[in-house]
Amino acid sequence: MSEIRTTLITGGNSGIGEALARKLVEKGQRVVSVGLEKPDWTHDLLAAYRADLTDIAETRAIAQEIGRNHAIDCLVHNAGVILPNLLPDAKPEDILMLAQLHLGAPMLLTQAALEGMLSRRFGRIVFVSSRAAMGAVTRSAYSATKAGVHGMARTWALELAASGITVNVVAPGPILTDNFWGVIPKGSEQQARMARNVPVGRLGSREDVAHAITFFLDERSDFVTGQVLYVCGGTSLVGLGP
């Protein structure tokens with residue numbers, strides 16, 4: 001990126017969000033992180049906020065505060081929770097909570113940043129979705145809301161296309177993060193079997209996804225909008241097997 005931009009990253013304190021934040025800071029870009037916790041590292045280019053993005057009022061308040069304090073050029077909505085359950089145990093309440101986290105939170109944060117993006121005629125909005133948006137066992141609430149992300153991103157892409165603002169989605173497959181290990185035991189045979197079922201022969205890393213996100217954030221990517229990029233090792237083609 002030629003100019004110094006400011007990127008707001010939700011969930012920038014861990015996993016993919018942290019990897020992206022470090023990558024951008026290393027390139028001399030400013031980063032604003034917001035999540036349940038602040039990052040455990042500091043940098044002159046890093047600002048950090050704490051908020052529960054599943055709470056509408058708290059999200060609205062932090063969005064307004066960030067909007068007052070920072071001119072946000074790019075927004076990466078990375079924060080997410082899985083809440084796995086087979087259908088007999090699935091809860092409508094989980095759908096409502098994840099709808100706020102995966103859809104409502106980025107809406108409020110984008111609205112707070114939008115006036116500045118429009119005035120500068122530049123903006124990059126990137127959602128971190130999931131291969132599970134195509135369907136996955138135990139993912140009723142998660143798959144439904146991640147699939148909703150794709151529809152909302154395409155809608156925003158159309159609405160904002162003439163304003164210099166692009167909206168895209170990165171949809172990771174199985175990535176070695178705390179979210180992954182919250183469902184699959186770390187170092188287990190289940191993890192090894194899953195890796196064998198990935199066409200490229202391994203599970204993904206945080207850096208794999210961060211690298212893809214930076215493509216969409218780049219100023220030169222202004223002719224790419226409304227797209228979903230699966231960073232999944234080929235699992236969007238064949239699934240993960242039993």
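**Aromatic rings and a loop asparagine**

Tutor: The count of aromatic pairs comes to 3. Take Phe-180 and Trp-181: their ring centres are 6.4 Å apart and their planes meet at 75 degrees, so this pair is edge-to-face. The cut-offs behind that call are centres within 6.5 Å and planes over 60 degrees apart. Keep in mind that the model is predicted.

Now burial. Phe-180 has 9% relative accessibility, so it counts as buried; the cut-off for buried is under 20%. Trp-181 has 24% relative accessibility, so it counts as partly exposed.

Next, charges over rings. Arg-5 sits over the face of Phe-122, 3.7 Å from the ring centre. Arg-22 sits over the face of Trp-41, and here the distance to the ring centre is 4.3 Å.

Last, the loop residue. Asn-78 is in the loop that runs between strand E4 (74-77) and helix H3 (92-120). Is Asn-78 buried or exposed? Its relative accessibility is 13%, so Asn-78 counts as buried. A polar atom of the Asn-78 side chain lies 3.2 Å from the backbone oxygen of Gly-11. Gly-11 is also among the residues that Asn-78 touches, leaving out those up to four places away in sequence.

Definitions and conventions
Residues are numbered from 1 along each chain as its sequence is written. This is a predicted model: local features need pLDDT of at least 70, side-chain atom pairs count only at pLDDT 80 or more; totals for chains, interfaces and linings use all residues. Side-chain values use heavy atoms; hydrogens and water are left out. Rings of Phe, Tyr and Trp (its six-membered ring) pair if their centres lie within 6.5 Å; planes under 30 degrees apart count as stacked, over 60 as edge-to-face and the rest as tilted. Buried means under 20% relative accessible area, exposed over 50%, partly exposed in between (1.4 Å probe, protein chains only). A charge sits over a ring if NZ of Lys or CZ of Arg is within 6 Å of the ring centre and within 35 degrees of the ring normal. Helices (H or I, at least four residues) and strands (E, at least two) are DSSP runs, numbered from the N terminus. A polar contact is a pair of N or O atoms within 3.5 Å; within protein, one must be able to donate a hydrogen and the other to accept it, and residues adjacent in sequence count only if both atoms are side-chain atoms. Contact means heavy atoms within 4.5 Å.
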